[in-house]
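Here is a short briefing on one protein structure. Keep the sequence and the 3D view open as you read.

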Amino acid sequence: MASSFVVERSTRLSFPADAVYEWHARPGAFERLTPPWERIEVLDRTGGIGDGSRTVVRVRAGPIGVRWVAGHRDNVPGRQFVDEQVEGPFAHWIHTHRFTPDGGGCLLTDRIEYAPPYGLLGAASNLWLLRPRIARMLAYRHAVLADDLAAHARFAGRARLHIAITGSSGLIGRPLAAFLETGGHRVTRVVRRAAGPGEVRWDPPQSALDPTALHGIDAVVHLAGEPVAAARWTAARRRRIRESRGMATRLLAEALAALPRPPRVLVSASAIGIYGNRGDEILTEASMTGSPTDFLVEVASEWEAAAEPARRAGIRVTHPRFGIVLSPAGGALRKLLPAFRAGIGGPVGDGRSWMSWISVDDAIGAVHHLLMDERLEGPVNAVGPAPATGATFAATLGRVLRRPTPFRLPRAALQVIFGEMAEATILASTRVLPVSLEAAGYPFRHPQLEPALRFLLGAGADDGRPAVSFGT
């Protein structure tokens with residue numbers, strides 16, 4: 001018989017047990033609780049967390065994908081539910097979620113009993129591989145849950161909204177949709193493919209968007225756009241980048257303006273590229289934008305201006321100017337990780353260029369704050385409060401991964417490989433501060449680079465609270 005092990009974590013939350021249970025019962029809870037360093041895709045789900053419901057996922061380890069089916073049982077509303085592996089890699093896996101009233105709050109306990117696969121070999125790997133991985137997952141889940149509950153509680157007096165999101169499958173859009181749904185908001189995804197339940201189809205190149213499909217929407221988050229730093233800028237790519245922002249934003253803004261009851265707010269994404277390459281200059285929302293001859297400055301300026309029809313219709317429009325969004329699930333950090341994990345990472349150019357970054361959880365937190373705080377309008381810098389130079393970023397990432405960073409990628413090599421795109425994105429120095437967000441009272445979850453990277457990568461994600469116990 002396979003050896004059985006237990007990992008358990010308990011955290012006291014200042015929220016009632018019923019409220020914490022309801023958070024778990026809403027759509028998006030599984031996605032919010034999945035660490036970004038894990039590659040897990042939801043394939044199907046029936047029901048929520050009630051007895052007899054099921055969730056089917058694919059778990060990837062490198063190129064290999066494993067199907068995992070979990071069935072839910074022993075549900076006690078407001079107090080407990082259990083998910084058990086029906087099909088999957090473990091000999092057995094039983095995860096009990098308990099919510100115990102504790103004064104005005106509750107004690108959240110996750111208990112996982114499991115038997116590793118592959119018999120004695122799996123049991124031997126448990127101590128150095130499986131058990132630490134499960135412990136990191138639970139530490140991440142409890143931290144995200146506490147922070148998400150606190151974020152929604154800050155606007156407890158506000159009605160929950162019906163929110164449409166473009167770009168809902170992207171690096172920010174996917175976790176944002178899950179965050180909003182677990183907070184009790186209703187989310188409608190605006191998609192390019194055939195629309196399914198809870199979705200609206202649009203086709204910006206064909207100017208196709210039926211305004212009536214957005215009837216009753218309270219707010220819109222517009223995140224869709226062609227990736228800027230994915231490849232060398234050819235003439236065709238430049239055109240797609242420009243059209244996917246300016247043309248698509250105008251189409252959406254005009255459709256919203258035409259509604260009999262327009263939404264109250266449009267959060268339309270922008271980027272700190274609007275400031276251009278500015279060296280060591282400290283940039284705030286009051287700073288002038290960069291030279292109009294800079295492609296990214298031109299694109300971002302057109303992007304923000306394209307929302308004008310919504311402004312004229314009386315919709316509150318705000319533009320989060322995103323910096324580098326950090327997540328191992330995508331974007332710049334995901335591209336950097338293979339080289340840094342191999343011990344061949346390092347800064348680009350001379351390492352003195354400034355990187356204005358924001359963790360993915362603060363990116364979605366900033367969008368949520370813009371949706372709910374009616375004082376915020378116009379451009380708002382969506383960056384963390386502590387920008388870092390390229391040299392500092394590389395050294396910090398190496399330290400988090402426990403790898404050396406001996407190499408430097410020369411400016412000339414990047415110019416040869418990526419052309420103008422390298423100068424405008426990889427090598428550009430943009431030192432931006434989130435003055436408006438801080439003035440509005442937004443509390444950053446990850447204000448400093450090293451703790452942010454440790455949390456996002458599960459490298460020391462356990463925050464030091466003595467809340468994990470192990471058993472056999």
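This is a predicted model: local features need pLDDT of at least 70, side-chain atom pairs count only at pLDDT 80 or more; totals for chains, interfaces and linings use all residues.

**Cavities**

- A search of the whole structure turns up two cavities of 30 Å³ or more.
- The largest cavity is lined by Ala-151, Arg-154, Phe-155, Gly-365, His-368, His-369, Tyr-442, Pro-443 and Arg-445.
- Helix α9, residues 360–372, gives the largest share of that lining, with three residues.
- By type, the lining of the largest cavity has four nonpolar, three polar and two charged residues.
- The second largest cavity has a volume of about 30 Å³.
- Its lining consists of His-24, Leu-33, Leu-108, Asp-110, Arg-141, His-142 and Leu-145.
- Both β7 (105–115) and α3 (119–153) supply at least two residues of the lining of the second largest cavity.
- The lining of the second largest cavity divides into three nonpolar, two polar and two charged residues.

**The second largest pocket**

- This pocket has a volume of about 1200 Å³.
- The second largest pocket has 45 lining residues. Nearest its centre lie Ile-40, Val-57, Val-59, Trp-68 and Trp-93.
- Several elements each supply at least two lining residues, including the helices α1 (17–25) and α2 (29–33). Among the strands that do so are β2 (39–46), β3 (54–61) and β4 (64–76).
- Helix α3 gives the most to the lining of the second largest pocket, with nine residues.
- In this lining, 27 residues are nonpolar, eleven are polar and seven are charged.

- Strand β11 covers residues 219–222. Ala-219 and Val-221 point one way from β11, while Val-220 and His-222 point the other way.
- Are these four residues buried or exposed? All are buried.
- Strand β8 (residues 162–166) runs parallel to β11, and four bridges join them. Within this pairing, Ile-165 has Val-221 as its bridge partner.
- Strand β12 (residues 265–268) also pairs with β11 in the parallel sense, over four bridges. Here Val-265 in β12 stands opposite Ala-219.

**Aromatic rings**

- How many aromatic pairs are there? The count comes to eleven.
- Take Phe-90 and Trp-93: why does this pair count as tilted? Their ring centres are 4.9 Å apart and their planes stand at 55°, so the pair is tilted. Planes under 30 degrees apart would count as stacked, and over 60 as edge-to-face.
- Phe-90 is buried, at 12% relative accessible area. Trp-93 is buried too, at 9%.
- Phe-90 and Trp-93 belong to one aromatic cluster with Phe-5, Trp-68 and Tyr-114.

**Charges over rings**

- Arg-245 lies over the face of Trp-303, at 4.7 Å from the ring centre.
- Arg-431 lies over the face of Trp-354, at 4.0 Å from the ring centre.

- Asp-74 has a phi near 50°, a positive value in a residue other than glycine. Asp-74 sits in strand β4. Its relative accessible area is 37%, and Asp-74 is partly exposed.
- Arg-402 is not a glycine, yet its phi is positive, at about 60°. Where is Arg-402 found? Arg-402 is in the loop between α10 (390–401) and α11 (411–418). With a relative accessibility of 75%, Arg-402 counts as exposed.
- Ile-324 lies in strand β16, residues 324–326. Ile-324 is partly exposed, with a relative accessible area of 28%.
- Ile-324 and Ala-363 are 39 residues apart along the chain. Their C-alpha atoms are separated by 9.7 Å.

Conventions: Residues are numbered from 1 along each chain as its sequence is written. Side-chain values use heavy atoms; hydrogens and water are left out. Buried means under 20% relative accessible area, exposed over 50%, partly exposed in between (1.4 Å probe, protein chains only). Two strands pair if DSSP finds at least two bridges between them. Rings of Phe, Tyr and Trp (its six-membered ring) pair if their centres lie within 6.5 Å; planes under 30 degrees apart count as stacked, over 60 as edge-to-face and the rest as tilted. A charge sits over a ring if NZ of Lys or CZ of Arg is within 6 Å of the ring centre and within 35 degrees of the ring normal. On a 1 Å grid over the protein atoms alone, a cavity is a set of points where a 1.4 Å probe fits but cannot get out, and a pocket is an open set with protein on both sides within 12 Å along at least five of seven lines; lining residues have an atom within 4 Å of a point. Grid points are joined across faces, edges and corners, and a volume is the space filled by probe spheres set on the points. Ala, Val, Leu, Ile, Met, Phe, Trp, Tyr, Cys and Pro count as nonpolar, Asp, Glu, Lys and Arg as charged, and the others, Gly among them, as polar.
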